[in-house]
Amino acid sequence: MADIDTAVKNVVTQTTTVSLTPGYEGANIGTYIGFKHVNYLVEKAVIEHFRRQGLPVGGLYESYGLGFDLVDLEARLRGGVFVDDEAVLEVKPVTSDDDTAFRFKVSITVLRDGEPKKIVTASAAAVLRRDEDDRRLPGRVPAPAVLDRFTVATLGTPEPGEAVPATDGDLRSGGTADRDPVLDRLLAGRNGYGWKFRIPYPYVHYFSRMHMSAYLRQMEEAKHRFVDARGISIGAQLAERNWIPAVTHSRIEILGEALLEEDLYTVYTVESIFKNLLYTARMDCYVVRDGRLARVATGVITHGYGVVENGNQARVVTWDDRIDRALKGLPGEAS
């Protein structure tokens with residue numbers, strides 16, 4: 001790698017502009033790209049910023065055993081990103097002198113009617129997590145001191161929460177369950193839904209821990225599971241009315257580490273409803289260690305409903321009393 005002191009200075013002072021195209025996997029509704037893949041673009045742009053400024057994330061791990069982790073990611077969507085868009089992402093460092101994480105503001109601009117339009121504004125924070133297992137890194141060398149302030153031994157330090165009953169470890173990797181004594185405790189008194197999930201290999205990186213993109217998958221699935229459990233599934237609304245959920249804002253913060261083949265408890269709770277246009281839900285993720293809950297991630301997401309026509313023409317709709325009652329957890333349907 002280049003001179004590390006210069007590279008770190010560039011990462012925290014220089015702005016990078018990069019052109020990226022969204023993943024085709026994200027085009028679940030027509031050619032519209034879902035919020036998860038919009039966030040993937042933000043993550044990719046930050047990683048590209050590190051590479052262009054002389055601090056490639058692969059090299060950081062291979063040379064020094066430092067794994068790059070996004071630990072906070074927030075995005076506000078002002079419109080749609082579509083599969084043919086060549087998005088221009090600007091990554092602007094906003095790391096202060098006393099920050100212990102790399103911090104960035106990121107914008108996504110696309111062409112609309114031949115003119116550039118800023119479609120997403122985002123913020124991101126990243127740290128370098130030290131791998132202490134010498135079996136995996138026999139050739140590493142000590143990390144330069146300039147990286148120390150951004151380096152952690154573990155992602156977060158969640159305080160042990162309340163004691164919870166023991167449960168059977170009967171799930172296979174990737175398996176799920178929505179009935180569990182721990183879930184009963186977590187959901188008590190909440191307008192929400194939760195499930196237990198055995199963390200599989202594709203959800204981790206650097207051998208062991210869940211990464212930001214895995215939590216984005218959990219957040220997307222949480223919405224799907226919640227509305228399905230309330231009788232207003234995404235598939236049903238598409239079939240009946242051609243309505244889709246539309247995300248205007250999301251944020252995820254990693255508070256601790258969730259590890260490969262641990263059971264992850266994800267709870268999705270409706271927190272506020274604005275008229276019949278938008279609702280905000282919170283996602284909290286937990287593991288159980290030594291008989292106590294540890295919250296490893298939290299986040300929020302704001303949804304409305306929309307209709308997409310001709311692949312890329314979207315309009316917002318006002319939902320009716322049936323949707324309203326389902327979101328609020330009220331029994332039955334209005335007459």
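The following dialogue examines how terms are applied to this predicted model.

Trainee: What makes the contact of Glu 48 with Arg 52 a salt bridge?

Mentor: The closest N and O atoms of Glu 48 and Arg 52 are 2.9 Å apart. The cut-off is 4 Å between a side-chain nitrogen of Lys or Arg and a carboxyl oxygen of Asp or Glu, and therefore the pair is called a salt bridge.

Trainee: Where do Glu 48 and Arg 52 lie in the fold?

Mentor: Both belong to helix H2, residues 35–52, and are four residues apart, about one turn of the helix. An α-helix has 3.6 residues a turn, so residues three or four places apart point the same way.

Trainee: Why is Glu 48 called buried, and why is Arg 52 called partly exposed?

Mentor: Glu 48 has a relative accessible area of 10%; buried means under 20%, so Glu 48 is buried. Arg 52 has 44%, and since partly exposed lies between that limit and the 50% above which a residue is exposed, Arg 52 is partly exposed.

Trainee: How do you know that Asp 320 and Arg 241 form a salt bridge?

Mentor: Their side chains meet at 2.4 Å, N to O, which is set against the limit of 4 Å. The pair links distant parts of the chain, 79 residues apart: Asp 320 is in the loop between strand E15 (313–317) and helix H7 (321–328), and Arg 241 is in helix H6 (residues 234–241).

Trainee: What makes Asp 320 and Arg 241 partly exposed?

Mentor: The relative accessible area is 29% for Asp 320 and 22% for Arg 241. Partly exposed covers the values between buried, under 20%, and exposed, over 50%, so Asp 320 and Arg 241 both receive that term.

Trainee: Why is Asp 284 called buried, and what joins it to other residues?

Mentor: Asp 284 has a relative accessible area of 1%, to be compared with the 20% limit, so Asp 284 is buried. Asp 284 forms a salt bridge with Arg 282, with closest N and O atoms 2.6 Å apart. Salt bridges that share partners join Arg 190, Glu 271, Arg 282, Asp 284 and Arg 295 into one network. Arg 282 is partly exposed, at 21%.

Trainee: How many salt bridges does the rule give in total?

Mentor: The count comes to 26 salt bridges.

Trainee: How many of the salt bridges run between domain 1 and domain 2?

Mentor: Four salt bridges are counted between domain 1 and domain 2. The protein is divided into domain 1 (1–153) and domain 2 (154–334). Glu 220 pairs with Lys 36 in a salt bridge with closest N and O atoms 2.9 Å apart.

Trainee: What makes domain 1 and domain 2 partners in contact?

Mentor: Contact requires heavy atoms within 4.5 Å, and 30 residues of domain 1 are in contact with 27 residues of domain 2. The two domains bury about 2700 Å² between them, 58% of it on carbon and sulfur atoms. In domain 1, Ile 29, Phe 35 and Arg 129 lose the most area to domain 2, together 22% of what that side buries.

Key: Residues are numbered from 1 along each chain as its sequence is written. This is a predicted model: local features need pLDDT of at least 70, side-chain atom pairs count only at pLDDT 80 or more; totals for chains, interfaces and linings use all residues. Side-chain values use heavy atoms; hydrogens and water are left out. Helices (H or I, at least four residues) and strands (E, at least two) are DSSP runs, numbered from the N terminus. Buried means under 20% relative accessible area, exposed over 50%, partly exposed in between (1.4 Å probe, protein chains only). Domain bounds come from an automatic or database domain assignment. Buried area is the accessible area (1.4 Å probe) that two parts lose on being put together, summed over both.
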